Amino acid sequence: PEREAAVRMPPLHSGLRDAYALLVDLRGARKSWLALILAIGVLLIPFGLPGTFVIAGLALVHGLLTGFVPLTLTFVVVLFALAVLAEVIEFFLGAAAAKKFGGSKYAMWGAIIGGFSGAVFATGIMPVIGTLIGAFAGAFIGAFLFEYLHLKNFDNALRVGFGAFLGAVSGKLMKLTLGIAMVVMIGYNLF
């Protein structure tokens with residue numbers, strides 16, 4: 001009882017009370033572990049893994065363990081919305097860049113299909129780094145092939161494929177930026 005008063009335990013479900021007490025015992029280590037897990041979430045992003053969802057999920061777990069203090073349920077929902085936004089931006093930026101570089105709707109679909117297929121295929125060959133390389137190469141190859149098959153113009157198809165590649169890289173950088181922003185938002189609220 002004295003220990004609970006000193007720790008100021010937030011309202012918890014009874015099954016989570018022991019887990020929270022353990023976290024409080026590890027108070028000094030808790031911030032280090034939280035920082036480590038958030039960093040891992042950010043590091044997963046460049047490799048095509050769902051790092052933004054890992055970050056949002058960590059915030060949800062923290063909220064469940066602490067009764068959503070100081071990370072509110074609304075804040076956690078915003079983090080999940082940002083994670084979904086990051087995925088959508090990453091997925092479609094290659095297609096948008098293919099169009100910007102003069103590609104047709106076929107090139108846009110080629111960038112989307114190629115990026116996804118390349119990531120899946122390359123993951124089977126070389127997990128993690130293969131996912132990243134496969135997504136970039138797949139966006140290029142997909143946009144190039146679909147545009148070439150549509151217009152039979154090699155130079156134009158090459159330019160459009162390069163645009164899709166740049167879009168895929170830009171999408172990954174945008175997702176990484178959003179992941180870092182999510183970590184900063186969590187850190188600001190916690191510390």
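Me: What does the protein chain average in pLDDT?

Reply: pLDDT is the predictor's confidence in each residue, from 0 to 100. Here the average is 83, and 83% of the residues score at least 70. This is a predicted model, in which local features need pLDDT of at least 70 and side-chain atom pairs count only at pLDDT 80 or more, while totals for chains, interfaces and linings use all residues. Residues are numbered from 1 along each chain as its sequence is written, and side-chain values use heavy atoms, with hydrogens and water left out.

Me: Where is confidence lowest, and where is it highest?

Reply: Where pLDDT is low, the predicted coordinates should not be read in detail. The lowest mean, 48, belongs to helix 1 (residues 2–7), and the highest, 92, to helix 8. Over residues 2–6 the score stays under 50, and the model has 4 contacts for them beyond four places in sequence; a contact means heavy atoms within 4.5 Å.

Me: How many helices and strands does the protein chain have?

Reply: Both are DSSP runs numbered from the N terminus: helices are H or I, of at least four residues, and strands are E, of at least two. The chain has 8 helices and 0 strands.

Me: Which residues of the largest nonpolar core touch the most other members?

Reply: A nonpolar core is a set of buried Ala, Val, Leu, Ile, Met, Phe, Trp, Tyr and Cys residues joined through side-chain atoms within 4.5 Å. Buried means under 20% relative accessible area, exposed over 50%, and partly exposed in between, with a 1.4 Å probe and protein chains only. In this core of 18 residues, they are Leu38, Ile55, Ala59, Leu71, Leu79, Met182 and Ile186. Helix 3 (27–44), helix 4 (51–66), helix 5 (73–100) and helix 8 (154–190) each give two or more residues to the core, and helix 5 gives the most, with 6.

Me: Beyond four places in sequence, what is Leu71 in contact with?

Reply: Its partners are Ala59, His62, Gly63, Ile186, Asn189 and Leu190.

Me: Is Trp109 buried or exposed?

Reply: Trp109 lies in helix 6 and counts as exposed because its relative accessibility is 52%.
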